[in-house]
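Here is a short note for someone opening this structure for the first time. Please read the points with the model in view.

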Amino acid sequence: MDKTLDSISITGLRIDAHHGVFEHERRDGQEFVIDATVWLDFARAAADDELAQTIHYGELAIEIADAVRRDPVDLIETLAERIAATVLAHPAAHEVRVTVHKPHAPIPERFDDVSVSITRGRA
């Protein structure tokens, strides 16, 4: 990643969905918490004060939530890839870091959180 890029971060986006390996996870669903940071160049958007030259974070949050809600998958790793692809579909996006938290994962021990994180950029 170019260190001169700017970023937009959405943290703690809470979405109920039906991902998981176990039948009860698919049937009952659970909360997933998403953090996403997208790197882009704000220079033109800031100079022109023009939303169309950046990424609308409100719309991005809805797109991420929609990506999480659709088509249940077994692995949160798969879900993270889907979210990254959703963010990188924006022409302004250079790179994205996605963390998918599964705070109610079916683990028999006490824990605060389980998460996976990926960083993806344009090919």
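1. A residue counts as buried when its relative accessible area is under 20%. Thr99 has a relative accessible area of 11%, so Thr99 is buried. Keep in mind that the model is predicted.

2. Stay with Thr99. This residue lies in strand β3, which spans residues 95-101. Which side chain does the side chain of Thr99 meet in a polar contact? That partner is Ser117, and the contact is 2.7 Å. Leaving aside residues up to four places away in sequence, Thr99 touches Val33, Ile34 and Asp35 as well as Ser115, Val116 and Ser117.

3. Next, look at Lys102. Lys102 sits in the loop between β3 and β4, the latter being residues 115-121. Is Lys102 buried or exposed? Its relative accessible area is 9%, so Lys102 is buried. The side chain of Lys102 is joined to that of Glu25 by a polar contact of 2.7 Å. Beyond four places in sequence, Lys102 touches several residues, including His19, Gly20, Gln30 and Phe32. Ile76, Phe111, Asp113 and Val114 are also among the residues it touches.

4. Trp39 belongs to strand β2, residues 30-40. With a relative accessible area of 16%, Trp39 falls under the 20% limit and is therefore buried. How far apart in space are Trp39 and Ser9? Their C-alpha atoms are 8.9 Å apart, while 30 residues separate them in sequence.

5. Now the helix pair. Two packed helices are described by the angle between their axes and the distance between the axes. Helix α3 covers residues 57-69 and helix α4 covers residues 76-88. Their axes come within 9 Å and cross at roughly 145 degrees. The crossing of α3 past α4 is right-handed.

6. Which residues make this contact? From α3 come Leu60, Glu63, Ile64, Ala67 and Val68. They meet Leu79, Arg82, Ile83, Thr86 and Val87 of α4. Of the residues in this contact, seven are nonpolar, one is polar and two are charged.

7. Last, the annotation. An unreviewed UniProt entry lists residues 8-120 as "domain: Dihydroneopterin aldolase/epimerase". Over residues 8-120, the chain is 34% helix and 30% strand. The end C-alpha atoms of that stretch are 15 Å apart.

Methods
Residues are numbered from 1 along each chain as its sequence is written. This is a predicted model: local features need pLDDT of at least 70, side-chain atom pairs count only at pLDDT 80 or more; totals for chains, interfaces and linings use all residues. Side-chain values use heavy atoms; hydrogens and water are left out. Helices (H or I, at least four residues) and strands (E, at least two) are DSSP runs, numbered from the N terminus. Buried means under 20% relative accessible area, exposed over 50%, partly exposed in between (1.4 Å probe, protein chains only). UniProt positions are given in the numbering used here, feature names are shortened, and annotations may be inferred rather than shown by experiment. Axes are lines fitted to C-alpha atoms, for helices over the stretch in contact, and angles run from 0 to 180 degrees between N-to-C directions. A crossing is left-handed if the near helix is turned anticlockwise from the far one by less than a right angle, and right-handed if clockwise. Contact means heavy atoms within 4.5 Å. Ala, Val, Leu, Ile, Met, Phe, Trp, Tyr, Cys and Pro count as nonpolar, Asp, Glu, Lys and Arg as charged, and the others, Gly among them, as polar. A polar contact is a pair of N or O atoms within 3.5 Å; within protein, one must be able to donate a hydrogen and the other to accept it, and residues adjacent in sequence count only if both atoms are side-chain atoms.
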